[in-house]
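Please read each point with the structure open beside it.

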Amino acid sequence: TDDVSASQLATSPMIQYLDSGEQRTVGYRANRNLKVSLKDINQVSELINFALGIEIDQVNNIEFKSSQAKQLQQQASALAVQDATEQGQALAKAFNASLGKIYSVNSQIQMPQFQYGQHRGMMEDGLYKTASAGVEGQYLPETLTFSATVYAVFDLTVPL
């Protein structure tokens, strides 16, 4: 399926160095990168625990994405516009003026970020495990953040 992909299998010899200076091949190490996409975030912990249970020794580059990312980013942008307007109105009022026409707008949209609790994450077998979950083997992030910043310049209308 499109939800699982695997790179080619690469093997390399495991060498043991003897006191006599000789080398001896004692086995081979196999490496393969797997990419797994889940539609249900609640399956993350189960998948990671399964992987660790079958002795996959490294799990990394975990990305959490939302199927509603576009809508959530649009909401963040709309809220940033609203906030910029409200702050502009408050500042104008402080100077006994009101907002006129918009002169310029500059926006910055940050990529969505997932975070584990500040100072509460623990490293475990190459994984960040949230300590706040309080449940053994839970690897879900505490937050997925969408953000936007809007800088707006307005003309001011000053009463005569």
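**Notes on the predicted model**

1. Start at the end of a helix. Just after H2, Asn96 takes a positive phi of about 55 degrees. Asn96 is a residue other than glycine. Most residues other than glycine have a negative phi. Asn96 sits in the loop between H2 and strand S5 (98-115). With a relative accessible area of 58%, Asn96 is exposed, because the cut-off for exposed is over 50%.

2. The coordinates come from a prediction, and this is a predicted model. The mean pLDDT of the chain is 79, and 80% of the residues reach 70 or more. Over residues 116-135, pLDDT stays under 50. For that stretch the model has 37 contacts beyond four places in sequence. Where pLDDT is low, the predicted coordinates should not be read in detail.

3. Next, the overall layout. The chain contains eight strands and two helices. Read from the N terminus, the order of the elements is β-β-β-β-α-α-β-β-β-β. The chain has 160 residues, and 16% of them count as buried. Among contacts with a separation of 6 or more, 65% are between residues 24 or more positions apart.

4. Which residues of H2 are buried? They are Gln73, Ala76, Ala80, Ala84, Gly88 and Ala92. Asp83 also belongs to helix H2, but Asp83 counts as partly exposed, at 38% relative accessibility. Asp83 and Tyr151 are 68 residues apart along the chain, and their C-alpha atoms are separated by 9.9 Å.

5. The loop between helix H1 (44-53) and H2 holds Glu63. Is Glu63 buried or exposed? Glu63 counts as exposed, since its relative accessibility is 56%. Ser37 lies 26 residues from Glu63 in sequence. In space, the C-alpha atoms of Glu63 and Ser37 are 9.4 Å apart.

6. Asn31 is part of strand S3. Asn31 has a relative accessible area of 37%, and therefore counts as partly exposed. Leaving aside neighbours within four places in sequence, Asn31 is in contact with Gln8, Leu9 and Ala10. From Asn31 to Ser12 the distance is 8.4 Å between C-alpha atoms, and the two residues are 19 residues apart along the chain.

7. The largest pocket holds about 1,400 Å³ of space. Its lining is made up of 34 residues. Nearest the centre of this pocket lie Leu34, Lys35, Val36, Leu47 and Asn60. Strand S3 (23-31), strand S4 (34-36) and H1 each supply at least two residues of the lining. H1 gives the largest share of the lining, five residues. By type, the lining residues of the largest pocket are 17 nonpolar, nine charged and eight polar.

8. The second largest pocket has about 210 Å³ of space. It is lined by 13 residues, and the closest to its centre are Ala84, Gln87, Gly88, Leu91 and Ala152. The elements that give two or more residues to this lining are H2 and strand S8 (143-157). The largest share, seven residues, comes from H2. The lining of the second largest pocket divides into 10 nonpolar residues, two polar and one charged.

9. Ala84 and Gly88 are among the buried residues of H2. Ala84 and Gly88 are also among the residues closest to the centre of the second largest pocket.

Key:
Residues numbered from 1 in each chain as written. Predicted model: local features only at pLDDT ≥ 70, side-chain atom pairs only at ≥ 80, totals over all residues. Heavy atoms only, no water. Buried < 20%, exposed > 50% of the residue type's maximum accessible area, 1.4 Å probe, protein only. Helix = DSSP H or I, 4+ residues; strand = E, 2+ residues; numbered from the N terminus. 1 Å grid on protein atoms, 1.4 Å probe; cavity = no way out; pocket = protein on both sides within 12 Å on 5 of 7 lines; lining within 4 Å. Points joined across faces, edges and corners; volume = space filled by probe spheres on them. Nonpolar A, V, L, I, M, F, W, Y, C, P; charged D, E, K, R; others polar. pLDDT = per-residue confidence, 0-100. Contact = heavy atoms within 4.5 Å.
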